[in-house]
Amino acid sequence: MALPSPLLANGLCLVDTPGMGSMGAGHAAATLAFLPFADGLMFVSDASAELSEPEVEFLKQARDLCPTVVLVLTKTDLYPRWRDIQALNKGHLARIGCEVAILATSAEVRWAAINRRNPGLDMASGYPRLVSHLQSEVIRPA
């Protein structure tokens with residue numbers, strides 16, 4: 001499926017790496033080795049559970065290697081306590097001195113907003129904030 005994207009038209013290139021669940025030492029090392037060449041990192045974690053200790057440590061290492069790191073908390077529509085998870089994640093990262101933006105999103109809410117042409121629902125999806133963050137913190141500086 002193809003979908004026009006203004007972000008991609010502006011030169012944004014996304015590279016998908018193995019998730020933390022599949023990140024043996026080789027995968028993690030390869031991803032960390034790539035980060036000095038990246039303008040930004042979107043670390044995606046769903047809102048079902050707080051970050052694990054290896055994920056927190058990975059984000060700390062990533063923050064030292066990459067100019068912009070954002071934690072994207074997904075599936076907020078499925079987990080009513082996602083704000084608690086967001087707060088826990090913020091606390092874990094603050095505890096180790098790793099300041100990164102944490103942006104909450106829901107693809108389901110975004111899809112409904114697009115189908116209904118509902119800007120308020122779109123804002124609730126978190127995607128406009130994520131796009132704005134990518135534009136101001138990754139694309140423009142690059």
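These notebook entries record what I looked up in the predicted model shown above.

**Entry 1. Ground rules**

I worked from a predicted model in which local features need pLDDT of at least 70 and side-chain atom pairs count only at pLDDT 80 or more, while totals for chains, interfaces and linings use all residues. Residues are numbered from 1 along each chain as its sequence is written, and side-chain values use heavy atoms, with hydrogens and water left out.

**Entry 2. The nonpolar cores**

I began with the interior. For burial I used these classes: buried is under 20% relative accessible area, exposed is over 50%, and partly exposed lies in between (1.4 Å probe, protein chains only). A nonpolar core is a set of buried Ala, Val, Leu, Ile, Met, Phe, Trp, Tyr and Cys residues joined through side-chain atoms within 4.5 Å. Helices (H or I, at least four residues) and strands (E, at least two) are DSSP runs, numbered from the N terminus.

The largest nonpolar core has 17 residues, and those touching the most other members are Leu35, Leu41, Leu51, Phe58, Val69, Leu71 and Leu93. At least two residues of this core come from each of E1, helix H3 (53–65) and E2. H3 gives the most, with 4 residues. I also noted a second, separate core of 9 residues, with Val70, Leu103, Leu130 and Leu134 among them. In soluble globular proteins, nonpolar side chains tend to be buried together.

**Entry 3. Contacts of Leu71 and Ser45**

I then listed contacts, meaning heavy atoms within 4.5 Å. Not counting residues up to four places away in sequence, Leu71 touches Phe43, Ser45, Leu51, Asn89, Leu93, Val100, Ala101, Ile102 and Leu103.

I looked up Ser45 from this list next. Ser45 lies in strand E1 and is buried, because its relative accessible area is 9%. Leaving aside neighbours within four places in sequence, Ser45 contacts Leu51, Leu71, Val72, Leu73 and Thr74.

**Entry 4. Helix H7**

Which residues of helix H7 are buried? In this helix (residues 127–139), I found Leu130, His133, Leu134, Val138 and Ile139 buried. Seen down the axis of H7, the buried residues fall within an arc of 150 degrees (taken from the directions from the helix axis to the C-beta atoms), so they line one face of the helix. Their cover includes H1, strand E1 (41–46), strand E2 (69–74) and strand E3 (101–104).

**Entry 5. Salt bridges**

A search of the whole structure gave 4 salt bridges, each defined as a side-chain nitrogen of Lys or Arg within 4 Å of a carboxyl oxygen of Asp or Glu.

- Glu53 pairs with Arg95, with the closest N and O atoms 3.5 Å apart. This pair links distant parts of the chain, Glu53 in helix H3 and Arg95 in helix H4, 42 residues apart.
- Lys60 pairs with Asp64, with the closest N and O atoms 4.0 Å apart. Because they are 4 residues apart in helix H3, Lys60 and Asp64 are separated by about one helical turn. Lys60 is partly exposed at 26% relative accessibility, whereas Asp64 is exposed at 59%.
- Arg110 pairs with Asp122, with the closest N and O atoms 2.7 Å apart. This pair also links distant parts of the chain, Arg110 in helix H5 and Asp122 in helix H6, 12 residues apart. Arg110 is partly exposed at 26%, and Asp122 counts as buried at 18%.

**Entry 6. Loops and backbone**

I checked two residues with a positive phi. Lys75 has a phi of about 65 degrees although it is not a glycine. Lys75 is in the loop between E2 and H4 and is partly exposed, with a relative accessible area of 40%. Arg117, likewise not a glycine, has a positive phi of about 50 degrees. Arg117 is in the loop between helix H5 (107–116) and helix H6 (119–125) and is exposed at 74%.

Pro80 is in the loop between E2 and helix H4 (82–95) and counts as exposed at 74% relative accessibility. How far apart are Pro80 and Gln61 in space? I found them 30 Å apart, C-alpha to C-alpha, and 19 residues apart in sequence.

**Entry 7. A surface patch**

Finally, I looked up a nonpolar surface patch of about 370 Å², made by Leu8, Leu14, Met42 and Val44. Patches are made of residues with over 30% relative accessible area and no salt bridge, with like charges joined within 9 Å and nonpolar side chains (Val, Leu, Ile, Met, Phe, Trp, Tyr) within 5 Å. Accessible areas come from the Shrake-Rupley method with a 1.4 Å probe, and for residues only the protein chains shown count as cover. Leu8 is in helix H1 (residues 6–9) and counts as partly exposed, at 46% relative accessibility.
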